[in-house]
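Student: I am new to this structure and would like to know what the terms used for it rest on. Could you show it to me, and may I then ask about them one at a time?

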Amino acid sequence: MGSDELRSSSEASRGAPDAEGTVLVVDDDPFLLRLLEIELEAAGYRVRVANDGARALELAVEVLPDLVLVDVMMPTMDGLELTRRLRQDPRTASARVMILSARGQAADRSLGFEVGADEYVVKPFETPLLIDRIRDLLR
């Protein structure tokens with residue numbers, strides 16, 4: 001890889017200067033976490049990541065993201081509890097929350113919306129469609 005490629009790669013990891021917003025991605029699957037980080041940065045978002053709900057809550061208060069993309073099933077604090085806490089804290093209450101979950105039953109989706117999610121996406125998902133939904137939420 002040449003120095004220009006390294007510079008481009010490094011600049012991409014910081015997010016584009018005219019980024020469309022900050023997204024906090026929360027998932028305990030390191031592969032999915034990295035995939036979403038790469039795809040969202042390529043789409044022009046500043047991205048922060050956390051692999052559990054407790055760390056995500058700390059980051060959310062620090063970064064004040066525009067959107068939190070959160071898995072439901074995680075250690076320490078699950079995504080539903082994280083969503084509840086984000087909504088209860090005045091500093092993070094206005095952030096959009098999109099739940100990503102393998103649980104796709106109507107009751108699961110209903111519970112996600114009940115705790116304060118703005119959107120609920122069932123895994124597996126198509127990344128371009130997910131990014132479209134994120135853009136819609138942030139408009």
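Student: Leaving aside its neighbours within four places in sequence, which residues is Glu 119 in contact with?

Tutor: Glu 119 touches Val 97, Met 98, Ile 99, Phe 113, Arg 133 and Leu 137. They are called contacts because heavy atoms come within 4.5 Å. Before we go on, this is a predicted model, in which local features need pLDDT of at least 70 and side-chain atom pairs count only at pLDDT 80 or more, while totals for chains, interfaces and linings use all residues. Residues are numbered from 1 along each chain as its sequence is written, and side-chain values use heavy atoms, with hydrogens and water left out.

Student: Why is Glu 119 called buried rather than exposed?

Tutor: Buried means under 20% relative accessible area, exposed means over 50%, and partly exposed lies in between (1.4 Å probe, protein chains only). Glu 119 has 17%, so it is buried. Its place is in strand 5, residues 119-122.

Student: What do the words strand and helix rest on here?

Tutor: They are DSSP runs numbered from the N terminus: helices are H or I with at least four residues, and strands are E with at least two. The protein chain has six helices and five strands, and their order from the N terminus is α-β-α-β-α-β-α-β-α-β-α. Of its 139 residues, 44% count as buried.

Student: How do you know whether Leu 69 is buried or exposed?

Tutor: Leu 69 has a relative accessible area of 1%, so it belongs with the buried residues. It sits in strand 3, residues 67-71. Beyond its neighbours within four places in sequence, its contacts include Val 23, Leu 36, Leu 40, Met 98 and Ile 134. Leu 36 is 33 residues away along the chain, and the two C-alpha atoms are separated by 9.5 Å. Asp 71, also in strand 3, has 5% and is therefore buried. Among the residues in contact with Asp 71 are Asp 27, Asp 28, Ser 101 and Lys 123.

Student: What makes strand 1 and strand 2 a pair?

Tutor: Two strands pair if DSSP finds at least two bridges between them. Strand 1 and strand 2 (residues 46-50) have five bridges and run parallel, so they pair. Val 23 stands opposite Val 47 there. Strand 1 also pairs with strand 3 in the parallel sense, over four bridges, and in strand 3 the bridge partner of Val 23 is Leu 67.

Student: How do you know that the span of helix 2 is close to what is expected?

Tutor: The expected span is 1.5 Å times one less than the number of residues. Helix 2 (residues 30-42) has 13 residues, for which 18 Å is expected, and it reaches 18 Å from its first C-alpha to its last.

Student: What puts the buried residues of helix 2 on the same side?

Tutor: Leu 32, Leu 33, Leu 36, Glu 37, Leu 40 and Glu 41 are buried in helix 2. They cover an arc of only 155° around the axis, which puts them on the same side; the arc is that of the directions from the helix axis to the C-beta atoms. The face turned away carries the exposed residues Phe 31 and Ala 42.

Student: And why do the buried residues of helix 4 line one face?

Tutor: In helix 4 (residues 79-88), Gly 79, Leu 80, Leu 82, Thr 83 and Leu 86 are buried. Seen down the axis, they fall within an arc of 160°, so they line one face.
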